[in-house]
Amino acid sequence: MFLKVRLPIMLTFFAGLIPIVAFFFVDGTPVVKKLSNSLEQDMVIVSGFALLLGVVNVVQGNVRKIEPREKGWFYAIVLLAGMAFMGLFGAAGAMRLFGLPGIGMMPDGRPTPFQWGSLYMFTPLQATMFALLAFYIASAAFRAFRIRNLEATILLVAAVFVMLGRIPIGEPLFGPITEWMMQVPNGAAQRGIIIGAALGAASLSLRVILGIERSYLGLDKNE
Amino acid sequence: MSNLAKLTSIDRRWIFLLIGLGTLIPVLLPIGFPVRVTAPVKQIFDKIETFGPNDVIVLSYDYGPTTGAENDPMTDAILRHCFSHDIKVIALALYPLGGLTSLTASIDRIAAEYPNLQYGVDYVNLGYKDGGQATMKLLAEDFSGAFPNDTHGTPLSELPLMQRVKGARNAQLAISVATGIFGEWWANLINAQYGLPVAVGCTAVSAPKYYAYLEAGQMIGLIGGLKGASEYEQLVKDNYPATREAYANPMLQTASKGMDVQTIDHLIIIAFIVIGNIAYFADRRAKRA
């Protein structure tokens, strides 16, 4: 009971409390500050392990697709091959193995294998995927922006004003309107969303710190 | 169904074709629409103008290749501004691909335009560090807590610029060129806790969110999307004529050239929205009849 429940809750309490206290004492309380910095360094390391978890998850998920030859199994092989290529050359470069000077450029200006994969495979692929959005947004705008009711009309008018306000041809007339829309109605709505989300995050954090929320331990509230 | 009403079910490949042409033609034949500078962008430029040769800005590459078309021109223009104005730059990345491709490629390319710059004295490339908010808090106090070495493996203690700037809180300004939530973290953690002025360059789709921070004074300025980037480019070109040569390179894809594409594509989308609504009403009338 102590090791499974109380100790993790106590650790969570202190790990959660220290950064909060440190936040309000930027220049004072060196002990708290040191503890907080130490926890933040630990968090950076732990987030590195999360990457490993992600890798295991991707491998498991894709192997499950390949074995029964599910639809798209060939793409799963491409994905795993790409991950193996980048992972192996990335790790070898970072550890300076096989004469690799790192993961960036070599001293003679040529890219390392990892950098080559990043520059000439991953970067253009990512950029292409994002660029495709322009086509789908245009198609979606054509189909979705219809004057069906008052709400849809407001949305349509706002979208057209902003699109015109963000291009040189429409800017002299629609630019000030766009800025006003961004600052006033949009700003007010965004503020409401941000404050609401922050309050929600703060209350959930408090529940975790105080040991009320225990689902992250695999426990029910009453356990 | 009338011919007009049939437009409601137009094959989307026609839309794709027109958007493709609207993108390709202005890239091959630039139009050069004029750029009008807005206040949120000018505020960042003016702030940097107030700095002197001993002042330092932290430039965080918090984006990857997906949004490079919007974000790359921002970082390029900010670097050209800083280097032209003799401001020191500490560049880093909190987004995985921001460090390896965007940051290193960008800072090396722009620094090469200024032969007098000395690495380690005028600018430093710290590379990428995982950890998001935790890393951000660490580097605010002490860069070496998050980045013991720069991207070349040199300990920070051996770099003259890093010897006199312990943490980001000791800089004069932090600029996050960001995709997603990173800009918010800079405003929430660094500006709120340390009072360091923060500016954000973001994608157009993220810009509405940042207006709340801008209006609240948690950010000194905002470069929103390609439009904002083109405005910053214009300010740099107008105030530092030597940079015009770099921007005149026909092979360089600048935000100003990108605005030609954005203009044509926005007009095509608006035209389709108008056509779609005319067809919608025609269809409705035909059904009633």
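In what order do the six strands of the open sheet in chain B lie? In this predicted model, the order is E3-E2-E1-E4-E5-E6, and the pairing is parallel. Strand E3 (123–128) and strand E6 (221–224) of chain B form the edges, each pairing on one side only. From one strand to the next, the twist averages 15 degrees.

B:Val200 has B:Leu222 of E6(B) as its bridge partner. Helix H10 (residues 207–215) of chain B packs on the sheet, where it touches E5 and E6 of chain B. The direction of H10 makes about 170 degrees with that of E6(B).

A further packing arrangement involves one helix from chain A and one from chain B. Two packed helices are described by the angle between their axes and the distance between the axes. For helix H4 (residues 113–144) of chain A and helix H13 (residues 255–288) of chain B, the axes come within 8 Å and cross at roughly 25 degrees. Angles under 35 degrees count as roughly parallel, and H4(A) and H13(B) are therefore roughly parallel to each other. Their crossing is right-handed. On the side of H4(A), the contact is made by A:Ala134, A:Ala138, A:Ala141, A:Phe142 and A:Arg143. H13(B) contributes B:Asp265, B:Ile268, B:Ile269, B:Phe272, B:Ile273 and B:Gly276. By class, eight residues of the contact between H4(A) and H13(B) are nonpolar, one is polar and two are charged.

Key
Residues numbered from 1 in each chain as written. Chains lettered and ligands numbered in written order. Predicted model: local features only at pLDDT ≥ 70, side-chain atom pairs only at ≥ 80, totals over all residues. Axes fitted to C-alpha atoms, helices over the stretch in contact; angles between N-to-C directions. Helix = DSSP H or I, 4+ residues; strand = E, 2+ residues; numbered from the N terminus. Parallel < 35°, antiparallel > 145°, perpendicular 65-115°, else oblique. Left-handed = near helix turned anticlockwise from the far one by under 90°. Contact = placed C-beta atoms within 7 Å. Nonpolar A, V, L, I, M, F, W, Y, C, P; charged D, E, K, R; others polar. Pairing = 2+ DSSP bridges.
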